[in-house]
Amino acid sequence: MTQNDDGGAVAISPTGWVAQQAELYEKSGGTKGTTIQGVPCLLLDYVGRRSGATRRTVLIYGRDGEDHLIVASNGGSDNHPLWFLNLEANPDVQLRVGTERFAARAETLSAEDKARVWPHLVELFPTYADYEKKSSRDIPVVRLRRTAG
C-alpha cells in the first residue's frame, strides 16, 4: 500500500515485478522505471469495481495524437485483466506518464479504431501479436484521454 498525491491509499498490483516497478516509478517522481523491455510505460490508478479502493498498475502505452493507448492483453490469457474490468465499471483514472500526473477518462476503442492503431502498437511491442494469436478473445485497446479534473 502506498499513497497518491492527495494522500489517499493506493493498493499496488500484487504481481511482484509490477509492484517493484510501480514503486520505483512513483518514488522517483517519474524519472526511473518508465520503461518495460525498452518500451514506455505509465502508471494507471483506477478504482476497484467491488472494493471501491484505488489500485495501481504499470502498463505499456502507445500514443494516438494526444491520447495514450493501453492494451488489455493479460499476457494473451482468455480472460480480460482485472484492471480492464474495473475501467469498464469506472472509467475515470489518474495517470503518471514520466514526471507528469493527470486525470484521464478510459474508453475502449471500436473495432475500426483498434484496426487503425493496432499495427503501431504491435510495432511498439511485437509480443502483442503473439498474445493476439494465443487468446480466444478479442484483445481490447483502451484510449486514455486527459480530462480537466
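1. Strands β7 (residues 67-71) and β10 pair in the antiparallel sense over four bridges; strands count as paired if DSSP finds at least two bridges between them. Within this pairing, V71 stands opposite V141 of β10. Strands here are DSSP runs (E, at least two residues) and helices are too (H or I, at least four), numbered from the N terminus.

2. A quick word on the source: this is a predicted model, where local features need pLDDT of at least 70 and side-chain atom pairs count only at pLDDT 80 or more, while totals for chains, interfaces and linings use all residues. Residues are numbered from 1 along each chain as its sequence is written, and side-chain values use heavy atoms, leaving out hydrogens and water.

3. Now look at the other partner: β9 (residues 100-108) also pairs with β10 in the antiparallel sense, over five bridges. Here A104 has R146 as its bridge partner in β10.

4. Is R143 buried or exposed? This residue of strand β10 (residues 141-146) is buried, with a relative accessible area of 6% (buried is under 20%, exposed over 50%, partly exposed in between, with a 1.4 Å probe and protein chains only).

5. Which side chain makes a polar contact with the side chain of R143? That of D67, at 3.0 Å. A polar contact is a pair of N or O atoms within 3.5 Å; within protein, one must be able to donate a hydrogen and the other to accept it, and residues adjacent in sequence count only if both atoms are side-chain atoms.
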